[in-house]
Amino acid sequence: MSVLVNLFLLVLFASIPAVSCFSSSSLHSSKLLHQHQHTSKSTTTTQLYSSSFNLNFLDSLFSTTNNKSQIQQHKTQLYQTCQSSYGISTPPIRTSIESLISQLQPLNPTPYPSTSKLLQRKWIVLWTSEKEINFFLEKGISTRIEQRLSDGKVLENWIPFVRGGGFGVTGSIQPAVNDSGSSDGLRTEFKFQKAELDIGKWGTYNFPPLGEGWFDTVYLDEELRIDLNSRNDILICRGE
């Protein structure tokens with residue numbers, strides 16, 4: 001029984017700071033964020049000559065095609081790095097991940113991710129720098145980390161245990177707003193409301209709220225999401 005109690009405490013104390021991480025800035029993340037510029041206005045110029053219009057159209061077409069090709073190339077490299085480094089975050093690995101993010105960030109096809117419907121779905125964590133989350137993976141307690149964002153209001157994190165049960169938290173989310181009441185479309189604020197530890201036949205235990213923070217989604221498309229958060233951690237997820 002003492003072994004069970006020790007395991008329970010180990011999982012509990014490792015989990016409480018961990019799950020706040022899923023979405024919670026050092027120089028690294030700030031540098032990446034400052035490279036990302038949003039443009040809220042677009043300019044349309046009426047073409048006086050059809051030939052000029054056609055040239056502009058072709059330039060746009062080739063530019064879009066080139067961007068898609070670059071995005072796919074960078075995504076493939078990122079997926080490979082995440083797979084080979086799953087559950088591991090060393091300085092060299094993080095530097096490599098940040099380099100790939102800095103290449104994808106300017107190509108982000110979703111200008112206002114915090115209010116985009118693409119954000120609202122179930123996500124599987126491919127890689128994170130969060131040491132508490134990686135603890136579960138390194139120790140073999142879990143092999144899969146899940147997060148669900150729904151209705152633009154609800155955040156659910158779930159760490160299923162290999163031997164059954166799991167640890168999860170539920171909270172609220174909302175797009176961050178500045179003093180004037182407007183959003184930059186990048187940052188999402190969260191606040192946890194409850195936590196639950198399920199250890200199978202030994203019962204389920206509820207805990208009080210764990211904290212709050214924010215995450216900036218610097219890249220978002222139909223399958224990939226990249227967050228930098230208030231704990232200076234990186235979260236890379238693939239939609240399911």
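Predicted model: local features only at pLDDT ≥ 70, side-chain atom pairs only at ≥ 80, totals over all residues.
**Ground rules.** I took local features only at pLDDT of at least 70 and side-chain atom pairs only at pLDDT 80 or more, while totals for chains, interfaces and linings use all residues. Residues are numbered from 1 along each chain as its sequence is written, and side-chain values use heavy atoms, with hydrogens and water left out.

**Overall.** I looked up the secondary structure and found five helices and nine strands, taken as DSSP runs numbered from the N terminus (helices H or I, at least four residues; strands E, at least two). The order along the sequence is α-α-α-α-β-α-β-β-β-β-β-β-β-β. Of the 240 residues, 44% count as buried; buried means under 20% relative accessible area, exposed over 50%, and partly exposed in between (1.4 Å probe, protein chains only).

**Helix α4.** I checked the length of α4, residues 91-104: its 14 residues should span 20 Å at 1.5 Å a residue, and the end C-alpha atoms are 20 Å apart, which agrees. The expected span is 1.5 Å times one less than the number of residues. I then listed the buried residues of α4: Ile 93, Arg 94, Ile 97, Glu 98, Leu 100, Ile 101 and Leu 104. They cover an arc of only 165° around the axis, so they sit on the same side of α4; the arc is taken from the directions from the helix axis to the C-beta atoms. Exposed Pro 91 and Pro 92 are on the face turned away from that buried side.

**Helix α5.** In α5 (residues 131-138), I found six of the eight residues buried, among them Phe 135 and Phe 136. Just after α5, Gly 140 has a positive phi of about 75°.

**Salt bridges.** I found eleven in the structure, each a side-chain nitrogen of Lys or Arg within 4 Å of a carboxyl oxygen of Asp or Glu.

Arg 231 is in the loop between β8 and β9 (234-239), 99 residues from Glu 132. Glu 132 is buried at 12% relative accessible area, whereas Arg 231 is partly exposed at 32%.

I next looked at Glu 223 and Lys 75, which meet at 2.8 Å, N to O. Glu 223 is in the loop between β7 (212-220) and β8 (224-229) and Lys 75 in α3 (residues 50-84), 148 residues apart. Lys 75 is buried at 4% relative accessibility; Glu 223 is partly exposed at 25%.
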